Structures are given as structure tokens and as C-alpha cells.
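Open the model in your viewer and keep the selection tool at hand. The stops below say what to select next and what is there.

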Amino acid sequence: MNVVISVRNLKKYYGTTKAVDGIDFDVAEGEVVALLGPNGAGKTTTVEIIEGLRKKDGGEIYYFGKKVDRVDQSIKSQIGVQLQKTAFFEYLTVRETIELFAGLYNVKTQKDQVERLMDLVSLKEKAKSRVKNLSGGQLQRLALVVALVNDPKVLFLDEPTTGLDPQARRHVWELVEELKQKGKTIFLTTHYMEEAEKLADRVLIMDHGKVIAQGTVKELVRSLSMDSYVEFTTDNSSILIKEIPNIKEIDHDKLILPTTDVEETIHMLLVRARSLNVLIDNIAIRRPNLEDVFLNLTGRRLRD
């Protein structure tokens, strides 16, 4: 595979805060890579440095095999960027906004090209609507289409579905999958596990400025070496966490216990709970997932 982006020992510090602390990764042509991490992990800072919106304090960035000290116009013409929040001119229409951004990229767009872009993100019926009248989901789709106006080779999506309702979120997912089929290279940040599992060919997990794990979803889940998880609720999580090794809290009074022997684990759990006079309820058995990987690596859930 051709490597489109390489990052080596990338660093960005704010005083004593290590926002990005010496990270390394590659992004191959045509793949979707998801950068996972909680708020404050360093995701947005990392992406903004690669996009050329923020200066690095150390490390190297390579685009298309060439070292880049500064992301200049030649690189920017080949990438598209959807930020977490995009400020549009409220009184422009959807069509006018797309044409404006095309002009900023010095891209000449014919009427039929603008029509195709709007159709791609299901905004054709909103062509004459002013930006101020669009819903949150429509604004996100507009932000995506202006990131595509220059037909980029690489697309950066920074938490593209934050704040969207489930239906709008799934529509964005469909768009990303369609772009992937068209051969676009996509680098996205997210704090939705389901989003990463659905879209990503590879996942990078970031916490406290470092990439602490990377691989396909299957590889990361396999690294747990666990067949199943026993998930349950209780009226006294603190005593169970103290008395039973490997139990982790995933929500208020909701716990999980990894196991390679479900029957033995449930029997042990019920016997110990009875001896401690603790109520166990809502027992469920499930396969491990990406959330479990993150919890195992960091001791907390992604959304915490």
C-alpha cells in the first residue's frame, strides 16, 4: 500500500501540558483511519498540526512520501478539512456557500458540479435555503461538502457526528462509506466507539497525548485474550471491585468481568456476592468490543 501520511515523533506542548507527546503512525492510500480518545486526549491538536492549522514543537510529517516542514498550498490543494465547528455566512444560501468555498480553492465549478455535490450530501432540496435556517445535521453535511469541493485525495473529519441525532449520524456514516468506495483516504477523530467500529479500517487509540494502541478492530479486540464478558448491575459496586479481581465499572453500579469460562465465572460471582450480602441483577454475557479495549488500556470508558 502507498503511504499517504506518515507522522514521526510528533510533539506539541503547552507549558507543562503534553498535548501531543511523541506519536507515530501511518495512513495508507484509500483507507479509513479513526483516531479515538476522550476529550483532552490530544486528538484535535494532532489533526490540526497535520492539516497545517497549528505548529508542531517537534517531530516530522510526511505527505505522499515527502517530508513537509510546512503544509503549503500544494498540500492544502490535495486535502479536505471538516472541522468540529465550521463558521458559515448565515445569509448565504447552500449553493452560494459551496460556490464561495470553491472560489477559495480556486476551483471552477459548473452548475452541474455543484448539483452533484449537493446531491451527494442530500442537500439538493436546500440549495436556496439560507445557512441560518439549516438544522444541525444539515450544517454538518454542508461542512462535509465544502471539504470535498476541491476533490481532495485526503479527507480529514474532526468528530463529524458530534451533537447529531442517531439518524443524522448514520447518514454521515453512509457518506463516509460512499467516499471510501470512491477511493478517498479518510482520517477521522471520534469519541464514538460504534462510529470507529463501523467505519474504520484501522483504529488509533490516544490518551494523554500518546497513541497507546493501534490496529484493526479485530486485532485490538483479540489483544484482550478474553472470550466473553459477564456484565451485570449491583447495589454495591465498590465492595465487589475491592473483593473480586479484574472487575471494572462501566457505569454507575454497572460492572463487567472478563472471562474465558462463563459458567465458572458466573458461579463464582454469585457465591461471592451472597457471602458479601450484595445484590447481583441483570446478568448478560457478551463478546468483547472496542470499548473493552479502551477500558482495559486506560481504566476508563471513552465517553468519560
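Start by selecting helix 3 (residues 94-104) and helix 4 (residues 111-120), whose axes come within 11 Å and cross at roughly 110°. Helix 3 and helix 4 are therefore roughly perpendicular to each other; angles of 65 to 115 degrees count as such, under 35 as roughly parallel, over 145 as roughly antiparallel and the rest as oblique. The axes are lines fitted to C-alpha atoms, for helices over the stretch in contact, and angles run from 0 to 180 degrees between N-to-C directions. Helices (H or I, at least four residues) and strands (E, at least two) are DSSP runs, numbered from the N terminus.

This is a predicted model, in which local features need pLDDT of at least 70 and side-chain atom pairs count only at pLDDT 80 or more, while totals for chains, interfaces and linings use all residues. Residues are numbered from 1 along each chain as its sequence is written, and side-chain values use heavy atoms, with hydrogens and water left out.

Now show the side chains between the two helices. Val94, Arg95, Ile98 and Glu99 of helix 3 meet Lys111, Val114, Glu115, Leu117 and Met118 of helix 4, contact meaning heavy atoms within 4.5 Å. The residues of this contact divide into five nonpolar, no polar and four charged. Here Ala, Val, Leu, Ile, Met, Phe, Trp, Tyr, Cys and Pro count as nonpolar, Asp, Glu, Lys and Arg as charged, and the others, Gly among them, as polar.

Next, select the open sheet of six strands, which has the order 6-7-8-3-9-10 and mixed pairing. Two strands pair if DSSP finds at least two bridges between them. Strand 6 (79-82) and strand 10 (210-215) stand at the edges with a single partner strand each, so one side of each is left without a neighbour in the sheet. Neighbouring strands of this sheet are turned by 15° against each other on average, direction ignored.

Strand 9 (residues 202-207) runs antiparallel to strand 10, joined by five bridges, and Asp207 has Lys210 in strand 10 as its bridge partner. Helix 11 (residues 290-298) packs on the sheet and touches strand 3, strand 9 and strand 10, its direction making about 30° with that of strand 9. Helix 5 (residues 136-147) lies across strand 6 and strand 7 (154-158), running at about 165° to strand 6.

Within this sheet, pick Val32, in strand 3 (residues 32-36). Is Val32 buried or exposed? Val32 counts as buried because its relative accessibility is 0%; buried means under 20% relative accessible area, exposed over 50%, and partly exposed in between (1.4 Å probe, protein chains only). Leaving aside neighbours within four places in sequence, Val32 is in contact with residues including Lys180, Ile186 and Leu188.

Move on to strand 12 (residues 248-251) and strand 13 (residues 254-259), which pair in the antiparallel sense over three bridges. The two strands form a hairpin with two residues between them, and Asp253 in the turn has a positive phi of about 60°. Glu249 stands opposite Leu255 in strand 13. Ser237, in helix 9 (residues 237-243), touches Glu249, Asp253 and Leu255, not counting residues up to four places away in sequence. Ser237 counts as buried, at 9% relative accessibility.

Finish with Asn282 in strand 14 (residues 280-286). Asn282 is exposed, with a relative accessible area of 53%. Beyond neighbours within four places in sequence, Asn282 is in contact with Glu231, Phe232 and Thr233.
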